Amino acid sequence: MFRSIAATALRQAIQNRASVCRLSAASPVVVSSPARNFTSFRRCNDVPLRSSVAGSNICFMKPLVSPHLLDCMQTIPTLQSQPSRTVIKFSMRKGKRKTVKAVVKRFKRLDWGGWIRTLSGRNKKLWRKRSNRKRRLRQHVLVNATQATLLDKMVTKYWKRPRHYIDDPYAPYHTREEFVHTRRKPLR
């Protein structure tokens, strides 16, 4: 689909460029719109780049890239969206989901179903960071509901079941009494 759209845009660009070349040198043509920013420009009709108050030496710039091609590129939503880093693996034999080891390494699943992680860059270039920033980086953050659902799909049942460790540093996070669905003690 992208190849056919790009081919039509290039055909239109070649036709437009041919029509621009047929114009006379006396009438300068402006092709670029002020809304777009172009990095490469070309002088029209080799007119000097100076412009005087009387308006005798006026030069207009036009881009090397066709505006139709840029319009075509903007209409494709897959090129503008950020790359997605979601990986859900399946086994080749039975077709069951497999665990993504990077999730197990970077995240911890809490007993009530939430996921907790550390902030990125907490151990890098500590000589450069101020003490309050280092203190904030030592803290943990919870992922949002969309990310938690995705992480649940990326691990198997083995990693979802609660685990109990001696002197668990995550022990205060395993209970969530203020939320109705994760409360263990009844309301008074």
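Is Arg138 buried or exposed, and what is its relative accessible area? In this predicted model, Arg138 is exposed, because its relative accessible area is 52% and exposed means over 50%. This arginine is found in helix α5, which covers residues 131-138. Arg138 also belongs to a positive surface patch, together with Lys125, Arg128, Arg133, Arg135 and Arg136.

Seven helices and seven strands make up its secondary structure elements, and along the sequence they follow the pattern α-β-β-α-α-β-β-α-β-β-α-β-α-α. The chain has 188 residues, of which 18% count as buried. Where contacts link residues at least 6 apart in sequence, 54% of them join residues at least 24 apart.

Arg117 lies in strand β6, made up of residues 115-118. With a relative accessible area of 29%, Arg117 is partly exposed, because this value falls between the 20% limit for buried residues and the 50% limit for exposed ones. Once neighbours within four places in sequence are left aside, the residues in contact with Arg117 are Arg106, Phe107, His140, Val141 and Val143.

Note on methods:
Residues numbered from 1 in each chain as written. Predicted model: local features only at pLDDT ≥ 70, side-chain atom pairs only at ≥ 80, totals over all residues. Heavy atoms only, no water. Helix = DSSP H or I, 4+ residues; strand = E, 2+ residues; numbered from the N terminus. Buried < 20%, exposed > 50% of the residue type's maximum accessible area, 1.4 Å probe, protein only. Contact = heavy atoms within 4.5 Å. Patch = residues over 30% accessible without salt bridge, like charges linked within 9 Å, V, L, I, M, F, W, Y side chains within 5 Å. Areas by Shrake-Rupley, 256 points an atom, 1.4 Å probe, with all protein chains shown as cover. Salt bridge = Lys/Arg side-chain N within 4 Å of Asp/Glu carboxyl O. Lys, Arg positive; Asp, Glu negative; His and termini not counted. Charge placed at Lys NZ, Arg CZ, Asp CG, Glu CD.
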